Amino acid sequence: MIGNANPAKDKVAFASAATTGFRRDSGDVTPASLALEACISAIKAAGVNANDINGLVGANPQYIQSALGIPHLTYWNGAGIPFVSAIANAMNAVYTGAADVVLAYHSVYRSPMFSRSAVNDPFRRMGFVGMGGDGFGPDSISGAVGYTAWAGRYLYEYHASRDTFGYIAINDRTNAARNPAAALRDPLTMDDYLAARMIRWPLCLLDMDVPVDGADAFIVTTAERARDMALPPVVIHACTQGMVAQNEEDQTPSLREHGQHVVIDSLKQKSDIWIDDIDVYFPYDGFSFITVSWIENSGWCGLGEARDWIEDNWDADAGRIVIDGHIPVNPHGGALSEGGTQGSGHTREAIHQLQGLAGDRQVPGASKALITAGGFFFNAQGCVLRTE
């Protein structure tokens with residue numbers, strides 16, 4: 001059953017969003033120091049102090065509380081990924097009164113465990129068993145490998161070609177050029193994409209999110225309280241997660257029945273706003289194929305029609321998607337170019353767009369944003385944000 005209840009609609013808001021920016025060579029920093037840097041920036045931007053915060057959503061909340069000198073907590077929880085899980089977590093805590101002001105944060109860090117040398121080490125790569133399907137056990141499509149299998153299925157079922165995915169990578173890279181927080185900002189062409197190193201067919205290096213160091217942080221509170229803070233509030237209009245019973249990579253029923261479909265059905269029932277009203281769109285892009293799937297499942301076009309739709313909405317001069325000539329897609333560069341933030345970057349950019357703080361990337365008059373985060377199997381999520 002997918003219900004339509006949404007008592008928290010428009011009652012909870014983001015008061016601020018901040019980032020450290022994302023790099024591939026951050027040097028002598030730790031995930032905790034990055035998280036703290038982003039948290040301090042978000043706290044300052046909202047105009048609150050440690051005494052105002054009594055909720056934390058993110059990793060190691062006890063450490064963050066101590067380091068920031070937050071006197072008392074009445075609510076804390078891990079964020080989960082992608083970051084829309086953290087939005088749902090913070091929204092529910094504020095709406096139910098479990099916390100008055102929540103500091104939500106997400107830090108990403110290139111652990112040595114995930115390096116190429118670690119993969120080539122028969123002992124360290126044991127950490128990958130169950131994550132990539134290429135450990136000591138028999139080959140499988142578990143973990144990230146699942147997306148290569150389903151991407152291949154997409155090409156087969158819809159007689160599509162890899163340049164469908166290439167457009168997603170180019171769009172992100174073009175947008176990242178105007179985002180000083182992005183890790184990769186050099187221009188990208190379709191020839192570059194098609195020549196990139198194949199990782200596991202049909203996905204190449206440029207189809208996969210970029211490992212980076214950095215962090216984002218957010219202040220979440222009631223919409224009423226946010227109105228008295230330093231920046232314009234961004235209201236959480238609807239937020240949901242979605243999963244089907246057969247949520248394993250090799251058991252997913254089909255390209256037409258997985259977590260994304262639950263999210264779309266749920267958002268449509270809970271929200272008064274849908275794609276015809278949206279000013280800026282944020283489909284998840286941990287893999288380029290996930291973006292193609294979100295575009296189709298959200299209803300921007302029919303199944304198997306993404307390539308034609310992208311070409312119809314392609315700004316050839318700029319080298320990016322602009323829906324109907326005015327709606328950008330992942331204007332911050334997304335996970336493929338800003339960096340693999342697991343959705344915190346998409347959320348931060350949506351808030352900055354709606355607060356008018358997106359700099360050179362600003363969409364004039366942006367008041368409504370749609371975030372469709374996560375993939376197919378166990379982490380599909382969605383959120384509609386708006387101004388008041």
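How much space lies in the largest cavity? In this predicted model, in which local features require pLDDT of at least 70, side-chain atom pairs count only at pLDDT 80 or more, and totals for chains, interfaces and linings use all residues, about 60 Å³ of space lies in the largest cavity. Residues are numbered from 1 along each chain as its sequence is written, and side-chain values use heavy atoms, with hydrogens and water left out.

The structure holds one cavity of 30 Å³ or more. On a 1 Å grid over the protein atoms alone, a cavity is a set of points where a 1.4 Å probe fits but cannot get out, whereas a pocket is an open set with protein on both sides within 12 Å along at least five of seven lines, and lining residues have an atom within 4 Å of a point. Grid points are joined across faces, edges and corners, and the volume is the space filled by probe spheres set on the points. The lining of the largest cavity consists of Tyr 154, Tyr 158, Leu 255, Phe 289, Ser 293, Glu 296, Asn 297 and Leu 303. Two or more residues of this lining are given by each of α5 (145–158) and α10 (288–298), helices being DSSP runs of H or I with at least four residues and strands runs of E with at least two, numbered from the N terminus. The largest share, four residues, comes from α10. By class, the lining of the largest cavity has five nonpolar, two polar and one charged residues, where Ala, Val, Leu, Ile, Met, Phe, Trp, Tyr, Cys and Pro count as nonpolar, Asp, Glu, Lys and Arg as charged, and the others, Gly among them, as polar.

Helix α10 also packs against two other helices, α6 and α9. The axes of helix α6 (residues 163–176) and α10 come within 9 Å and cross at roughly 100 degrees, which makes α6 roughly perpendicular to α10; axes are lines fitted to C-alpha atoms, for helices over the stretch in contact, and angles run from 0 to 180 degrees between N-to-C directions. Angles of 65 to 115 degrees count as roughly perpendicular, those under 35 as roughly parallel, those over 145 as roughly antiparallel, and the rest as oblique. In this contact (heavy atoms within 4.5 Å), Thr 164, Phe 165 and Ile 168 of α6 meet Ser 288, Phe 289, Thr 291, Val 292 and Ile 295 of α10, a set with five nonpolar, three polar and no charged residues.

Helix α9 (residues 259–270) and α10 pack at an angle of about 40 degrees, with their axes 10 Å apart, and are therefore oblique to each other. Gln 260, His 261, Val 263 and Ile 264 in α9 meet Ile 290, Ser 293, Trp 294, Asn 297 and Ser 298 in α10, and these residues divide into four nonpolar, five polar and no charged.
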